[in-house]
Amino acid sequence: MGEAAIKIGRKHKSVFKDKVMEILPNGGNLNACLTCGACASGCPATGLEGMDPRKFLRMAALGMDEEILSTNWVWMCSMCQRCIYVCPMEINIPQLVFHARKSWPREKKPRGIAGSCDQALKNDTCSAMGATEEDFEFVVNDVLEEYREGQPEFAEMTADINREGAYYVLNQNSREPVTEPDEMVPLWKILHLAGADWTYSSKGFAAENYCLFMAEDENWEKIVRIKAKAVDDLGAKVWLNTE
Ligand code: SF4
Ligand code: SF4
């Protein structure tokens, strides 16, 4: 048997097997996984690190905690949830990935994601790129003016910030105002043509939340609460987060 052989049948209690049981719908059992591969076929992370969602689930089901807890693949899952939608059993594999991420010590988690989470926690804007309220307001107003002047059919287009009583509050991924400001405009145009009553909030404007991807419940919640409070403070009815 080669080095890559899978060892099964261990005697110690598996934490992950319990987690798998928790995510099976309607008290199902693992034998109900048809090993059909539908989850793996549409997964953008299939093949990376020699892993795919079906294999990950089977390894968890076999109690292979050591492998599950050490594979870098868990950081390559985008949490897109495609696998859940195509699975005939609706098995929540990203939830299992989330549990695996949680078990990593913080210093071993990917530095890029950790840095983005930390940055967001430092700013009222929740921007992972460190954009301030002033930065955001400046860029939005500057881009809006340019398009209103350059495209007469959108001369009346709006992109308000902190307007109380608007029906929608829209979040914006901070990559756009910081690095690709023109990318904000197509959505402004759609909202304008649809006659939507919307505003940004400068506090908590950033749509991204890397603390979620870090699997840090407390920090993830802290960021969501800042954004939710901003929406409430403006008296909006609907919070639109495009992420
Ligand atoms: S799609 Fe669902 S049933 Fe099919 S292999 Fe993946 S987890 Fe198992
Ligand atoms: S949620 Fe993760 S495992 Fe599921 S399809 Fe997306 S990347 Fe793949």
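The side chains of K102 and D217 meet in a salt bridge, with 2.5 Å from N to O, where a salt bridge is a side-chain nitrogen of Lys or Arg within 4 Å of a carboxyl oxygen of Asp or Glu. This is a predicted model, in which local features need pLDDT of at least 70 and side-chain atom pairs count only at pLDDT 80 or more, while totals for chains, interfaces and linings use all residues. Residues are numbered from 1 along each chain as its sequence is written, and side-chain values use heavy atoms, leaving out hydrogens and water.

**Exercise 1.** Describe the interface of domain 1 and domain 2.

*Solution.* Begin with the bounds, which come from an automatic or database domain assignment: domain 1 spans 15–104 and domain 2 spans 111–240. Next, take the area buried between them, about 550 Å², that is, the accessible area (1.4 Å probe) that two parts lose on being put together, summed over both. In domain 1, the residues that lose the most area to domain 2 are W75, F98 and K102, together 68% of what that side buries. Finally, search for salt bridges across this interface, where the rule finds 1.

Methods
Chains lettered and ligands numbered in written order.
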